[in-house]
Amino acid sequence: MSAEAAAVNLGRIVATRVLSLWLGPRRRARDSREELSDLIRVRVPGLRFQRGLERQFEQIADAVATRLEPLLEHEFQGLTESGRRSATDAVADTFARADLSDAAIIGADADPAELARSIRRAVPVPAGLGEPAAALYELLFSEACDCYVRVLLRLPVFTERAVTALLGRSTSLANELSRVLDRLPVRSLHAPEGNGLDEAFAREYADFVSESLDEVELFGVTREHTPRTRVSAAYVSLRTTAGDEPRSRVLHADEDEDQGRRVEAVLKDSARVLLLGEAGSGKTTLLQWLAVTAARGGFTGVLADWNGLVPVLVKLRGYAGRELPRPEALLDQTAGPLTGHMPSAWVDRHLAAGRALLLVDGVDELPAGERRAVRDWLRGLLRAYPHNRAVVTSRPAAARGDWLRTEGFRTVRLDRMRPSDLAVFIRRWHQAVLDGGAPLQDYERSLLAALQDRPHLQSLAATPLLAALLCVLHLDRRGQLPRNRMELYRIALEILLQRRDAERCVPTASDLQLSLPDKLRLLRDLAWRLSDNGRNEITGDKATDHLRSALNGMRHLDPMDARAVLDHLLERSGVLRSPAEGRVDFLHRSFQEYLAAAHAAAEDNIGNLVGRAHLDVWHGTVVLAAGHSNRTQRSELVRGILERAAHEPHRARRLRLLAVSCLETMEAVPDDAGPPLEASLDRLLPPRRSAEAVSLAAVGPPVLRRLPRSLEELSPAAARAAVRTAALVGGEQALRTLEDWAGDSRPVVQMQIAMEWEYFDPHAYAGRVLQRLPLETVWLSLNHPTQWQPLLSLPAARRVAVQYPWTRGLAAMAELGELDLLWVPNLRADNDLSALRQRPELTSLSVWGNVPLRDIGPVRDLPLLTSLQLQQWSSFPDLEQLPELPDLRGLGVGVLEEGTDLGPLTRRTDLDWLLVQGEGVPCGFESLGALARLYNLHLARFDLRAWPATLRSVPPRLRFLHLNGCVVPDDLGALAVLGAREIQLYNCRTADGRPPDRDSAPKGVRVRIR
């Protein structure tokens, strides 16, 4: 039976039961199975009246059928024909046997849902239905009951006069009832009770998230300042890195390259992102900002398309030792007070529609044994709901870069803040506190000036957490800054545990007579127990037991109730917190590591640390323990790690890196540990690759003294890594080192030196380092407005890329001297290219905008161009307007509207590379083979499923095919016709939203999928 026939049959059954009750509520039960015509002949006299009334109810039956047919046609696609027939027959049988009398309707208060429930109690689901058929039965039956009640309520009480009036409405009643049924909430598999209340709850949920998540705690501010501020005001855009892959010269500023890109740009390009970052790098704040901004629909720029998404924030720390949430429970953490009246299957509907923004925070905050369950949970959730965006965060030690690769996640790392980022953070932080009424402008200027003269603190404040602590401590100490990381944590704990409440005269601060050393002793013990068991969170009962044990050993204290002590620390310390009912953890993992390290030193657990030194999760604790330890313990720690390195070759380099990292926190190096540390540092330097730069830079100035005076003997990769290491150390000595290295003749080394500009004072670096580079061939990349004025002091610069948002218009580029290459990949709200006419010397031009590009005529006056990229414009002129330039070898254009004829591009037969951004299926590209010189083709945002089959010829020299954000064929072998030897797919999906299958790639072709 077809869906249409089944719907018509059920519609007649509903209309028959309505007619039966309308004609006579006390008719015999057998009337429920009679035909419409038979019922009418019994009660309605006159053939004309009988025929008219039968037509009316036939129309009512058709209206009900129209309502039910989509459910039969689209729901439960996998259900067999026999199962579907069984479900519809069961609904018909139940309707025939059900009590649908006037008493039943009144007893249910004319509520369709209540009527359905009462019938289910009296008439059970027919036996023999499988689970899918039973679910379809429930859906159809609920909808039929709703239609039954709605239709019945539209009919007048039956009398002879009522029949006449009803027949007089013969042209309007069926239409009226159709409109009534159309306005009913649409029921489906995902909305069994309709979706009429969805919008109201969505508004309430958005308001709740917007308020509840829009706050961040400020550490230890003085009593005249608020301890919290708004995430939306204090948020600072973070940088990301995708590893050490070299940039393509063609795609120098392309959206696919995320080396140093802002996190928002990476999130825009990738539906699923695994975001890795060290402690305090801003992962949680980022997710809160995403949730709040999504709730407010406030995304702008590259994330503007995210407006309309529903944020779902899941903090994994709340699920340690517990089952991960099912879809219906995903809002319990962030919107628990609202879930009691949330419409049934509300979350499910948004997930099914692909409107959810799933934000999963803190894989590393679960025990190692529970992390695989997170991957399985994500796999199942995203397999059931594949079209939603998802962002997952973790520390790198807990989730390798390929941890979620098979689930289609793109892995990026949050980079350390650079000086320009730190300056922005400081301004945002003070502005956010200023919004609370505190006059902090002088403190902001003072801190920025102090950091200019103290580069070691600039390096220390590499994460938002430590930068915020610097701001707070500078403010709280009236302009004085801590010396190093150990001091930073020590002062922060002193403020949080003791001084804050005391200075604010908080009454409950004196509830328990615990001194600062007492509190630290208790917290050290608790931190060690957590770390020793590989946990970040425990139950309140276990925390109480641990505190009770520690208190028993503190004989100088009067007996105390351990639970009261825990409550006090949770409420007043600012170091412990309760992330969920009955759970306890530290406010930040860094505090747990610092206190656990202090316990290891106090209890002489150095051997324990040495035994765990190879574990990434213990790296921070070991380094901090070196700062807490006495001379003997430091010697035991360092020598023990180095002895392991000597006997464990496969871990040797990692262990040596850890040992030398301890130099960061040690006040003094023991005599017997000094020589082996020196030897280890010598073996680690120069670094082999850039990935080692961060670890080595943490050692500080001693690294600079061991770096070679010249890079000539190093390979290009090692030379670049050395440059990176020196830049990360920072300071005057690093500046002198880079000044010496600026004479290296290798372009890749010169480029790396130029890239480190933003780690130093821009004027000093420009005058002492950049001036020594051959600026006619070296790119100068500007990442912050403070670099613009120093650039003007470099008249020899001929290759300039302004990476930060440029709002002054292209006319301002007249301040620069002659240029060979100009890249402005972030031009804001400006589409006037006329200033380019003053740059006839340009050979390479890239201007990316965010508004419609109307006129590309000025490009005609650039006769020397060999490379032209005009991308990301919200709309693009007719391709026929592209000027004919004799030396043009590379071209990038877009975004092109769907259906744009790409034929004009195939007439540019001298192109070596071509980049096109558009929509829909590439049109007019059938003669792509006319591009006889083309070796690099990059297509973005196109639907390529059927495109290869339309090609009549392909470029004979094509080597590289780059696809970004495209819909690709299920069988990647279809792309083989293009003849490319290497295919790179970035954020591509098949038609059903799955990542491409690498196994279906063409044989003999190198395929990379990201």
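**Close-up views of a predicted protein model**

View 1. Arginine 746 counts as buried, because its relative accessibility is 19% and buried means under 20% relative accessible area, exposed over 50% and partly exposed in between (1.4 Å probe, protein chains only). The model is predicted: local features need pLDDT of at least 70, side-chain atom pairs count only at pLDDT 80 or more, and totals for chains, interfaces and linings use all residues. Residues are numbered from 1 along each chain as its sequence is written, and side-chain values use heavy atoms, with hydrogens and water left out. Arginine 746 lies in the loop between α34 (731–741) and α35 (747–755); helices (H or I, at least four residues) and strands (E, at least two) are DSSP runs numbered from the N terminus. Not counting residues up to four places away in sequence, arginine 746 touches Leu711, Glu712, Leu714, Ser715, Pro716 and Ala719, where contact means heavy atoms within 4.5 Å.

**View 2. The buried face of helix α34.** Gly731, Ala734, Leu735, Thr737, Leu738 and Trp741 are the buried residues of α34. Seen down the helix axis, the buried residues of α34 fall within an arc of 160°, so they line one face of the helix. The arc is that of the directions from the helix axis to the C-beta atoms.

**View 3. Leucine 914 in the largest nonpolar core.** The largest nonpolar core has 190 residues, of which Leu914 and Leu963 touch the most other members. Helix α20 (residues 464–476) gives the most to this core, with ten residues. Such a core is a set of buried Ala, Val, Leu, Ile, Met, Phe, Trp, Tyr and Cys residues joined through side-chain atoms within 4.5 Å. Leaving aside neighbours within four places in sequence, leucine 914 is in contact with Leu891, Leu905, Phe925, Leu931, Leu934, Asn936, Leu937 and His938.

**View 4. Aromatic pairs.** The structure holds 16 aromatic pairs. Rings of Phe, Tyr and Trp (its six-membered ring) pair if their centres lie within 6.5 Å; planes under 30 degrees apart count as stacked, over 60 as edge-to-face and the rest as tilted. The rings of tyrosine 489 and phenylalanine 591 form an edge-to-face pair, because their planes stand at 70°, with the centres 6.3 Å apart. This pair links distant parts of the chain, 102 residues apart: tyrosine 489 belongs to helix α21 (residues 485–504) and phenylalanine 591 to helix α25 (residues 589–602). Both tyrosine 489 and phenylalanine 591 are buried. Phenylalanine 925 and tryptophan 947 form a tilted pair, 6.4 Å centre to centre with 35° between the planes. Phenylalanine 925 sits in the loop between β18 (913–917) and β19 (936–940), and tryptophan 947, 22 residues apart from it, in the loop between β19 and β20 (960–964). Both phenylalanine 925 and tryptophan 947 are buried.

**View 5. Leucine 21 and its contacts.** Leucine 21 is part of helix α1 (residues 3–23) and is buried, with a relative accessible area of 11%. Its C-alpha atom is separated by 7.2 Å from that of aspartate 102, although leucine 21 and aspartate 102 are 81 residues apart along the chain. Not counting residues up to four places away in sequence, leucine 21 touches Leu100, Ser101, Asp102, Ile105, Tyr148 and Leu152. Tyr148 also belongs to a cluster in which ring pairs link Phe95, Tyr137, Phe141 and Tyr148.
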